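The entries follow the order in which I looked things up.

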There are 2 protein chains.
Amino acid sequence: MRVLLVEDDDLIAHGIQAGLRARGLTVDGVKTAAQAEAILSAVHYQVVILDLGLPDEDGMSLLQRLRADGMALPVLVLTARDAVEDRVAGLRAGADDYLLKPFDFDELVARLHALLRRAAGRSVAIIEQGALRLDPERGQVSLNGHPVVLSRRELALLAALLHARGRILSVDQLKDSLYGFSEEIESNALNVHIHHLRRKLGADLIETIRGVGYRFNMGDT
Amino acid sequence: MRVLLVEDDDLIAHGIQAGLRARGLTVDGVKTAAQAEAILSAVHYQVVILDLGLPDEDGMSLLQRLRADGMALPVLVLTARDAVEDRVAGLRAGADDYLLKPFDFDELVARLHALLRRAAGRSVAIIEQGALRLDPERGQVSLNGHPVVLSRRELALLAALLHARGRILSVDQLKDSLYGFSEEIESNALNVHIHHLRRKLGADLIETIRGVGYRFNMGDT
DNA sequence: AGCATCGTTAATGCAGCCTTAATCAAGCCT
DNA sequence: AGGCTTGATTAAGGCTGCATTAACGATGCT
């Protein structure tokens with residue numbers, strides 16, 4: 001699950017990135033509207049977190065322009081402003097949700113997942129599939145009721161597979177949702193993580209489609 | 001099913017080729033407009049994927065010229081441009097569909113199949129024939145509701161036969177849709193794949209027309 | 001600062017797929 | 001009927017891609 005964070009304040013940006021990554025999300029961060037625009041035209045994200053106070057351009061006008069160009073991604077806006085008219089203007093510019101600074105980090109996570117859920121057409125936060133249960137907001141997984149401890153990568157991998165609901169994901173697609181644009185990898189690390197997941201969850205939950213990729217085995221459903 | 005990919009960026013080209021091949025399509029890749037024009041006049045394809053940003057000529061003007069010369073193939077255009085007027089211009093030049101970079105690979109596959117469907121005059125992605133069911137977008141086959149695991153070649157072979165809707169396909173025609181121009185084969189490999197398919201699906205689904213080729217047995221329909 | 005955990009790399013081994021080739025069966029022709 | 005041609009069948013070999021393991025490096029925590 002890949003998130004673009006547009007935030008010029010290093011401290012805030014770092015905090016958000018660290019927190020989201022710990023929950024298995026992949027975060028790319030940029031500091032200006034120009035950078036945001038450039039990277040959005042090159043990389044596919046699931047959601048954008050946009051701070052309105054940017055150095056080179058007002059976030060609102062950036063958002064408006066992106067929407068006019070046809071960008072359909074969910075956007076969560078961060079702002080220090082509080083006036084009702086700002087909020088209305090933001091929503092008209094195309095924001096999907098709002099968060100006032102200073103915000104509670106847990107609330108950010110909750111709203112982010114709400115947006116992702118809405119975009120995926122699901123309504124519940126917790127994904128259950130057979131004996132497996134995933135709470136993406138807390139980053140917790142259980143199998144047959146027993147909690148299973150997954151690392152960051154394992155969590156991201158499992159979330160991506162579950163999110164695809166049984167469709168086949170190629171290795172490249174999985175890499176895209178596991179790694180940010182500045183941290184591409186060269187090795188078979190993904191294979192290793194698959195291996196670890198199978199060891200923790202059982203070998204038959206993740207199927208290999210030779211020459212194609214991997215898929216989550218949904219059983220008969 | 002044979003696809004021509006016109007894309008000068010090695011990285012993108014390689015990714016697309018690998019993904020499409022894994023789904024049983026045969027992909028030939030060229031990097032310039034001149035090469036594209038040359039090979040289109042020599043080899044028969046089902047669909048063309050055309051990147052507008054080529055080194056030697058603008059893809060749009062290539063497309064326009066090809067259409068003027070009577071080329072009727074479906075063309076899926078890849079472009080970084082996003083303005084509405086570009087889109088309109090592209091469609092007037094003869095594009096059948098549009099995909100903005102960056103694109104989701106699943107979406108590319110879906111649109112490609114949509115184009116192929118449109119060209120074939122059918123409306124459903126999933127081909128059902130008697131007890132057999134083929135989902136080309138997922139590369140999955142089932143017989144009487146039970147999933148059947150097919151390898152890459154077997155899948156491509158079955159898709160070609162089904163796509164011909166009971167018409168006879170010669171061995172050379174089948175080879176053309178199984179192998180790209182850079183990987184012709186010398187042996188009876190095709191016979192072997194036919195054999196494997198019959199073993200997995202039953203012997204009567206694929207008929208041999210001696211001295212001519214093979215056809216899919218459509219039963220009474 | 002030291003420890004522990006996680007992630008990546010790299011090497012090795014295994015398995016599946018594709019092709020080849022050899023042999024067998026079945027039509028077709030004279 | 002016999003030979004010839006074409007396709008069917010089967011087994012073997014090589015290649016490719018994946019699984020597995022171990023070790024090293026990075027990162028974070030106490």
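This is a predicted model: local features need pLDDT of at least 70, side-chain atom pairs count only at pLDDT 80 or more; totals for chains, interfaces and linings use all residues.

**Entry 1: the parallel sheet of chain B**

I began with five strands of chain B, which form an open sheet in the order 2-1-3-4-5, with parallel pairing. Strands here are DSSP runs of E with at least two residues, helices are runs of H or I with at least four, and both are numbered from the N terminus. I took two strands as paired if DSSP finds at least two bridges between them. Strand 2 (26-30) and strand 5 (97-100) of chain B each have a single partner strand, so one side of each has no neighbour in the sheet.

Residues are numbered from 1 along each chain as its sequence is written, chains are lettered from A and ligands numbered from 1 in the order in which they are written, and side-chain values use heavy atoms, with hydrogens and water left out.

**Entry 2: strand 4 of chain B**

Next I looked at the pairing inside that sheet. Four bridges join strand 3 (residues 47-51) and strand 4 (residues 75-79) of chain B in the parallel sense. B:Val48 has B:Val75 as its bridge partner. B:Leu50 stands opposite B:Val77.

Is strand 4 of chain B mostly covered or uncovered? I found five of its five residues buried. Buried means under 20% relative accessible area, exposed over 50%, and partly exposed in between, with a 1.4 Å probe and protein chains only. In a regular strand the side chains alternate between the two faces of the sheet. On one side of strand 4 of chain B I listed B:Val75, B:Val77 and B:Thr79, and on the other B:Leu76 and B:Leu78. Both faces are covered.

**Entry 3: helices on the chain B sheet**

Helix 1 (residues 10-22) of chain B lies across strand 1 (2-6), strand 2, strand 3 and strand 4, at about 165° to strand 2. Helix 2 (residues 33-40) of chain B lies across strand 1, strand 2 and strand 3, at about 160° to strand 1. The axes are lines fitted to C-alpha atoms, for helices over the stretch in contact, and angles run from 0 to 180 degrees between N-to-C directions. Contact means heavy atoms within 4.5 Å.

**Entry 4: the antiparallel sheet of chain A**

In chain A I looked up a sheet of three strands, open and antiparallel, in the order 10-12-11. Its edge strands are strand 10 (169-170) and strand 11 (206-209), each pairing on one side only. Strand 11 and strand 12 (residues 213-216) of chain A share four bridges. One bridge pair is A:Ile209 with A:Gly213. Helix 8 (residues 189-201) of chain A packs on the sheet and touches strand 11 and strand 12, its direction making about 145° with that of strand 11. Helix 6 (residues 152-163) of chain A lies across strand 10, strand 11 and strand 12, at about 75° to strand 12.

**Entry 5: DNA strand C**

Which residues come closest to DNA strand C? Of 24 surrounding residues, I noted A:Ser151, A:Ser187, B:Ser151, B:Ser187 and B:His193. Near means that a heavy atom of the residue lies within 4 Å. Sugar and phosphate make up 62% of the atoms of DNA strand C within 4 Å of the protein.

The side chain of A:Ser151 is 2.5 Å from a phosphate oxygen of DNA strand C. For B:Ser151 I read 2.4 Å to a phosphate oxygen of DNA strand C. The side chain of B:Asn188 is 3.4 Å from a base nitrogen of DNA strand C.

**Entry 6: DNA strand D**

B:Asn188 turned up again, 3.2 Å from a base oxygen of DNA strand D. B:Arg210 places a polar side-chain atom 3.1 Å from a base oxygen of DNA strand D. A:Arg198 is 2.5 Å from a phosphate oxygen of DNA strand D.

Definitions and conventions
A polar contact is a pair of N or O atoms within 3.5 Å; within protein, one must be able to donate a hydrogen and the other to accept it, and residues adjacent in sequence count only if both atoms are side-chain atoms.
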